[in-house]
Amino acid sequence: AAGAHVAALVVGSGYGGSVAALRLAQAGVHVHLVEMGMAWDTPGPDGKIFCNTLRPDHRSYWLRERTKAPLNFFLGFPIDRDITRYTGVLDAEDFAGITVYQGRGVGGGSLVNGGMAVTPRRENFADILPGVNAAEMYATYYPRANTELGVGTVNPAWFDSTDYYQYARVGRKHAQRSGFPFVFVPDVYDWDYMEREAAGTVPKSALAGEILYGNNHGKKTLQHTYLARAKATGRVTVSALHRVASVSPASGGGHGGYTVVIEQLDTGGAVVATKTVTADRVFFAAGSVGTSKLLVKLKATGALPALNDEVGKGWGDNGNVMCGRANHVWDATGSLQSTIPCAGIDNWAAGGAFAEVAPLPTGIETFASFYLAITRNPNRASFRWNSAAGRAELDWQTAWKQPSIDMAKTIFDKINAKEGTIYRSDLFGVYKIWGDHLTYHPLGGAVLGRATDGYGRLAAYPGLYVIDGALIPGNTSVNPFVTITALAERNIEAIIAADL
Ligand code: FAD
């Protein structure tokens, strides 16, 4: 309602926002959680909340007339199809040199991601965030995040026997024959549920191709973990399909809190109402891209002019690059594939490369091994406000992926040489080997200790905080959400102790 006042307003309901909401509410603070995407708690006409990866409908993409699948070709043919424009769950947000995939809805990226829940090696963490006490992170906040997120690992005996991980066993064989360490990767998918899916005693999700546009069962998304506990406190109000458009000091500054302008959206993406609330504290948790875009806009347009010059800077793609390999006919990867990746190839010894053995759940035998590599890539981009166009732009260049391709080749050139195999060139275009046009892991744009203080405070504005992936300077060396969660746990604990 107009003129409403809230103690704490959280912008976005992904990992950072969910941690903030839970911990603030537990500390007795009333929280208004504002999320631009849908609630994703109501089944559609087919009885399901989310649509299948193989049969995308209007629920798949955020405000697109055509799907934009990360693997957009097969055997050289484009696979994208027309859909009805709708506030779907996956945003393929296009910037000049890169498409950034993000989750949209209550639960943020947890709704669409692979659930791979990886704690980085301590020495890598210390390199990436030298200003954060690593001993504390590894003794307290990483364990806390892993527990709250419900992280687990596949049962190795089941892994060895199920048809659904044949593709990963082929990945293991090839990795080991080339001398690379092969590791199981923890995940928040309920592994017992997956075994029951295979046994046919529960509805299938991971084993029925669900992932990119949401899982109807099995995955412990934030809706089932942090957000469920936050709501149970009775102190958290969630507004879905509401987008924060502006934050500025109320009554010209001082201790009057902040005026927050919120746009209510319909499922076609149109603004149907504009609301204003006053908040004592605002936590930016709109994701690396969402928070960065908002902050550069608010600084440039005069809403928050004293934000420092580091705002918008230090953005990276976590070194994401994808590729496929064509196997010999005796190395079939299986027509049945679990969508949940559970293993990877570690060649961090080469200076920075980890490749998850990813599924290619097409429903037919492809003889393909598919990988998402996370690499060390030093390139960093900036968000800038384009006042003529009225939008924030990112200056990433596609050529900046080359260090990632070089790192990934330290793994796959060797495996191809050993196996006598070649790269697939039909998955990302016609004769295109590398998926170098996208990232799943946007990070940075309001880096800890630069745009903010050492705990995410936007120092020029008491009561404004950043608490999401924007804090991390472009790379985590592994899949990022456990680190985003653990860092949020660390920061909110300090903020509650010192500021409230
Ligand atoms: P997000 O989770 O992105 O949440 C931000 C939320 O804010 C979103 O819900 C968004 O809709 C909302 N928002 C944005 N702007 C506004 C606004 N102005 N007003 C209101 N709300 C707003 N990571 C892993 O660790 N393991 C994986 O296996 C993995 N797989 C992935 C697979 C895919 C396909 C994708 C897209 C990502 C994957 N990730 C994975 C990445 C992971 O999901 C993200 O790193 C993580 O979700 C980021 O958390 P966050 O809190 O920073 O922001």
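The model is predicted: local features need pLDDT of at least 70, side-chain atom pairs count only at pLDDT 80 or more, and totals for chains, interfaces and linings use all residues. Residues are numbered from 1 along each chain as its sequence is written.

**Stop 1: the ligand.** Select the ligand and its surroundings. The shell holds 40 residues, a residue being near if its C-beta atom, placed from the backbone, lies within 6 Å. Start with the closest: Gly12, Gly14, Gly108, Gly109 and Gly287. Then colour α1 (15–26), β6 (98–103), β9 (242–249), α8 (287–300) and α10 (481–499), which each give two or more residues to the shell. Helices (H or I, at least four residues) and strands (E, at least two) are DSSP runs, numbered from the N terminus. α8 gives the largest share, 4 residues.

Now colour by type. The shell has 16 nonpolar, 20 polar and 4 charged residues. Here Ala, Val, Leu, Ile, Met, Phe, Trp, Tyr, Cys and Pro are nonpolar, Asp, Glu, Lys and Arg are charged, and the others, including Gly, are polar.

Stop 2: Select β5, β6 and β19. They form an open sheet in the order β5-β6-β19, with mixed pairing. Strands pair if DSSP finds at least two bridges between them. β5 (90–95) and β19 (438–439) are the edges; each has a single partner strand, so one side of each lacks a neighbour in the sheet. β6 and β19 run parallel, joined by 2 bridges. Finish at Val100, opposite Thr439 in β19.
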